Amino acid sequence: MNLPFRKTCAALAATCGLLAASASQGAESAFIIPPPAADQTKDQALQEKAVIAGGCFWGVQAVFQHVKGVTNAVSGYAGGQASVANYDAVSSGRTGHAEAVEITYDPKQVSYGQLLQIYFSVAHDPTQLNRQGPDSGTQYRSTVFPANDGQRKVAEAYIAQLNQTGVYPKALATTIEPLQAFYPAEGYHQDYLVRHPYSMYIMVNDVPKVQNLAKTFPDRYRDKPVLVN
C-alpha cells in the first residue's frame, strides 16, 4: 500500500534540509540516559508483554524488532474502543487511541526497565507533547500502557528519575494510561520498515532510530529483526 497522503506530505517537507542531515547523523539524536533504578526482577515466565506508544508505530516497531530478547513486536492501537480501532478512524485523532506497539519479550533476556530505557532513549523523543517529528495529534502521544501493577510502578519511578537527570531539554510528556486492550493494526502496517526501507518517510524518520539503537545499545542490538509476517 502507498504511503498515506499525510505522511507523504510530511516526509517531503522534512526532506528540505533534513535528508542530508539524516544520512550523516540521523533525524534525531539518541538521549544517553541511565538505566532505571527500580526494575522488575527476572521472571520464570517464558514471555511477557509490554505496550508503549511514541509517535508513528512504524519506527517504534522497527526499533524493538532489533532488540535481543524480544520475540515479537506488533504495531497497533491502544487507549480507545474496539469499534474504531482502525487506521482511518485513529488518524483523525478523535478516537482516543494512540499508535502503539505490543512487545512480547523474554524477561530472562531483557527486563521491562531495559525496554523502557530503549524507548526513552532511541525509540522516540519523550519530551514532545502529542507529536513526533512531522506527525502531530493525540494519536502520536508518548504513553506507557502498563499491563500490571509492577510495570506501572517501574514506569512511574523511571519517569520521575529521568526528569531529575537533566538529560532532556524539558520535562517528559510521557503519560501512563491503563491498558484496557491492544488492537493489532492492519497487515500493511506490520514490518513496515523492512518492507519499505527506501520510503522517504522511513529514511528520514525511522532508519535513524534503528541506527541509534545499534550505536547506543550495541549489547542489546541484533542485526536480524524479528518479524510479524
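Helix α2 passes helix α4 in a right-handed crossing, where right-handed means that the near helix is turned clockwise from the far one by less than a right angle. The model is predicted, local features need pLDDT of at least 70, side-chain atom pairs count only at pLDDT 80 or more, and totals for chains, interfaces and linings use all residues. Residues are numbered from 1 along each chain as its sequence is written, and side-chain values use heavy atoms, with hydrogens and water left out.

Helices are DSSP runs (H or I, at least four residues) numbered from the N terminus. The axes of α2 (residues 57–65) and α4 cross at roughly 130° and come within 11 Å; axes are lines fitted to C-alpha atoms over the stretch in contact, and angles run from 0 to 180 degrees between N-to-C directions. The pair α2 and α4 is therefore oblique, a term for angles that are not under 35 degrees (roughly parallel), over 145 (roughly antiparallel) or 65 to 115 (roughly perpendicular). In contact, meaning heavy atoms within 4.5 Å, Val60, Val63 and Phe64 of α2 meet Leu115, Ile118, Tyr119, Val122 and Ala123 of α4. This contact of α2 with α4 has 8 nonpolar, no polar and no charged residues; Ala, Val, Leu, Ile, Met, Phe, Trp, Tyr, Cys and Pro count as nonpolar, Asp, Glu, Lys and Arg as charged, and the others, Gly among them, as polar.

Helix α4 (residues 112–123) also packs with helix α5 (residues 149–163), at an angle of about 40° and with the axes 10 Å apart. Therefore α4 and α5 are oblique to each other, and their crossing is right-handed. The contact of α4 with α5 comprises 8 nonpolar, 3 polar and no charged residues.

Conventions: Helices (H or I, at least four residues) and strands (E, at least two) are DSSP runs, numbered from the N terminus.
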